[in-house]
Amino acid sequence: MAMKRPEGIFPYTSNDAWSQKLADAVRNTCELENLTAAPRQAIIEGLASALGDDEIKKLLTTQQGRKVLAPNAHRVVQAGDERVLLLTAAVHGAGVVPWDLNDRVVGGWTPPGDEARQRVETLVDAECALEETGKSVRQSELERDAQRRADADEPYAAAALAAAESKLAEARERQTAAEQTHKALLRTLGGRRPRPAVTPAEEDGHAAAALTLAPQTYDVAVHMQRYAVENLRRLGRGRGYDLVESLVAAGQLTRGMCVLQQWNIQDRDGEACALWRMVAVTANNRTLARLDIFGVLAEHLVTGMPQSRFPLPTEASDPDLLLRNQREVLKRISWRYNEARNSQNTDPDHAAFRAAKITSVPTEIVVGCSSPRALEHSLRALNINDHLRGIQPYDEDVRLVALWATLVDSYTTERLLGPLLADTFPGARGIDRLDLDGVRAALTANGPLAPLAPLLPSDTEADESGLRDAAVRCVTAMVFPDVPSDAGNAGRKVRDTGRFWPVVRGTLQEPAWSQIRSKHAESRTRLWSAAVAQLFLHRSNILSAQGLFTARSETKEGAHQDPRPLNELLLTAEAGDATAWTALVRRMVPNLIHAPEPMITPGQGSEAGESRKGVRRTPSNAVSALTLAYTNPAPNVSRELLIAFARSVLAHPDATEAPVSPDGSPVVVYGERSSDPARRSTLVPGMVLAPDTSGMPTSFVADKAWFDELFPPEDIDRTQQLGSSSSPSLGTTAASASNAKRVEGTTQDSREQLRSMRQELPPRIELVEASYERAIQSANALLADFELARRLREDLNEESLPADTRIAWMEKLSKARAAAESSVDVLGQVEALILKL
């Protein structure tokens, strides 16, 4: 016999008939507003299942025989260039989940990637193994205690106790090994997790106004949701009052905003299921506090509520049964708490009484938008605006990341993102094919770096290191845009700051160009450091870049980056070009900062202590020492060492395995050689083996101790004493020193010069080969374009070009062909000289 549900203040959610009517009303309203609606299944399963029947009736009205949303129940808001349809409703207090992509916890995520996701799966397996070993240890302890309490006079009592002790020792050994494995896996992830990748949901093959997560196993989904909640809870402790008690006393007085999101869960038995839920775009802390009051875990809402948590009176408890229908879960919660309120024996501190003022909360739900592809970005912008103007302040790192996202949006809104990238990458393979939405997601670490591939030259492979270098160059160009030169302008006049500098000034609210001072340079440097840190798995202190950009040069005049790609800089530096090495060091700086063993640190008092490696020095000092080591090397530093070190450092973020020494000997961190082996750092992917003077890897991991020993701060002082009193820039110093070695020959004898040239000439051959390949590609492209133009002229029956124009073009090509033919003779002479070396 069916039981009558207890009446009370906790609402019971709607039935399927009213859910269908709400879905029809949303679809019809979106058609009237010329917007794309959320998927019908999302409305039914994720939204209507958290609303009561009476609530849905208030939201609907009839217009020309069709159900639509009532005028006072919805509104259209502008989010940047996009429009979003918001439905205002009273949602069940336990019917919303915190959004794991909330910008307040952005510091807890790393960029999404297949390798990182695989490591998370391995970490989840290690956590399960660690839990099992813990259970085994506790069971073994109980067995040992039981043997200790046994009668010692019984036969074999001593042997049984010894066996129990041995079993406990083995269990503890397995637990220790599992703990070490778990700790190592956490370090391979940089102590964080990869950001969950969401894409627009689809309905009938078209994008809709909702989000969907990539498929994941049940255990991974639980792990990721727990991690997101832990981060949100940790950051919420900085609030000046108790949010939970505030909601208990006064309820939720302001509206939050939600969006519909789908979880694709694969159970342990291989069965897949898709769950629609509402996630809190804003008011995430209040959402989590409400779940705490209701006694509900967020992971249970998105992966399945154990039936034993909220059984009905006539049911037997079954811990293995998971309830995944949101309507059923919320009905059981309301049933339990209405029943508790009606009972005379319920404790006054029971959740049924504490949640009395949040039984339902006012909420705005995204049910339509103008561009589903840009929905996530629009919601993120609304989230940033809500938090920047909220009561609880951002952490410094998170505030800077939000400010960086705002700067990227400013460039996009002003239609200047494409032109800026075109100026920064003059040799790009396809600047006109850029997906600006994908570029925006990549630069804010909300998507993969693949959309940056058109920025690379055609002869450069679009691997992870090249794409990350392109992303860093983009960040540098956007934070420190180049300002047109003022050379030749006599007299006092207003400085032309170009198209890009006003965007930075307006977004960062800086003073006029002439009023830029060191404090503005420091602020922009911190912004640059926070934006770059998002691109790396291992994230270090953002103050590690302090002093790398000055007010007089980069902040006012622009970064003026070297446009050459990494492979060309490496070859040119190997060939002896000191200016290429200077540019290469600037490109290496983020990799030296954000590494498992960082080699550039803030150099502040907080680094004091026995655990500090190396010496305390400023970041700019470390960069200068590495730059000057190319032209003024110490006895234990060679050019082969520098080039090998640069190649390893630039490739380390993409390593998938821990380093292994070439001779098979144990690998040890250089600064921990004399440490207790039990206290040494765990080897993780991304660590770099220190090269020797011949450029071959050793069995030591390069760390700050190795870096400071090889490139000490004293080298800078020594070099400055050898130089002139005018103290030229690093690039000028490097170039002049290189010329002194090559032309005057006063700093090295002829034999050393010959040895150096034999090392420099092979990469020069590669550079010439690459130049010829690019010339051939350009000639083939030119031929194809002229052939297409000829066919189009014949098809359209157009007149020929004027004779003067054709003659001028042919003369230019004749000169180019003559230069190419003469270069062939020069290469022949080089081949003859090679035989004499």
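Between which two strands does the loop that holds Asp204 lie? Asp204 sits between strand E9 (198-203) and strand E10 (206-213). The model is predicted.

**Two residues with positive phi**

Asp204 is not a glycine, yet its phi is positive, near 60 degrees. Its relative accessibility is 73%, so Asp204 counts as exposed, the cut-off being over 50%. Ala445 also has a positive phi, about 60 degrees, and is not a glycine. Ala445 is found in the loop between helix H15 (436-443) and H16. Is Ala445 buried or exposed? Ala445 is buried, because its relative accessible area of 4% falls under 20%.

| Residue | Relative accessible area | Class |
|---|---|---|
| Asp204 | 73% | exposed |
| Ser410 | 18% | buried |
| Ala445 | 4% | buried |
| Val483 | 4% | buried |

**Val483**

Val483 belongs to the loop between helix H16 (464-479) and helix H17 (501-508). This valine is buried, with a relative accessible area of 4%. Which residues does Val483 contact, leaving aside neighbours within four places in sequence? They are Arg495, Asp496, Thr497, Trp501, Trp513, Lys556, Glu557 and His560. Thr555 is 72 residues away from Val483 in sequence. In space, the C-alpha atoms of Val483 and Thr555 are 9.6 Å apart.

**Ser410**

Ser410 is part of helix H13 (residues 396-413). Its relative accessible area is 18%, so Ser410 counts as buried, the cut-off being under 20%. Setting aside neighbours within four places in sequence, Ser410 touches Val503 and Thr507. With Thr507 there is also a polar contact, side chain to side chain, at 2.9 Å.

**Helices H21 and H22**

Two packed helices are described by the angle between their axes and the distance between the axes. For helix H21 (residues 578-593) and helix H22 (residues 619-628), the axes come within 10 Å. They cross at roughly 140 degrees.

Which residues of H21 and H22 meet? H21 contributes Trp581, Thr582, Val585, Arg586, Met588, Val589 and Leu592. H22 contributes Val623, Leu626 and Thr627. Of the residues in this contact, seven are nonpolar, two are polar and one is charged.

How values were computed: Residues numbered from 1 in each chain as written. Predicted model: local features only at pLDDT ≥ 70, side-chain atom pairs only at ≥ 80, totals over all residues. Heavy atoms only, no water. Helix = DSSP H or I, 4+ residues; strand = E, 2+ residues; numbered from the N terminus. Buried < 20%, exposed > 50% of the residue type's maximum accessible area, 1.4 Å probe, protein only. Contact = heavy atoms within 4.5 Å. Polar contact = N/O pair within 3.5 Å; in protein donor to acceptor, adjacent residues only side chain to side chain. Axes fitted to C-alpha atoms, helices over the stretch in contact; angles between N-to-C directions. Nonpolar A, V, L, I, M, F, W, Y, C, P; charged D, E, K, R; others polar.
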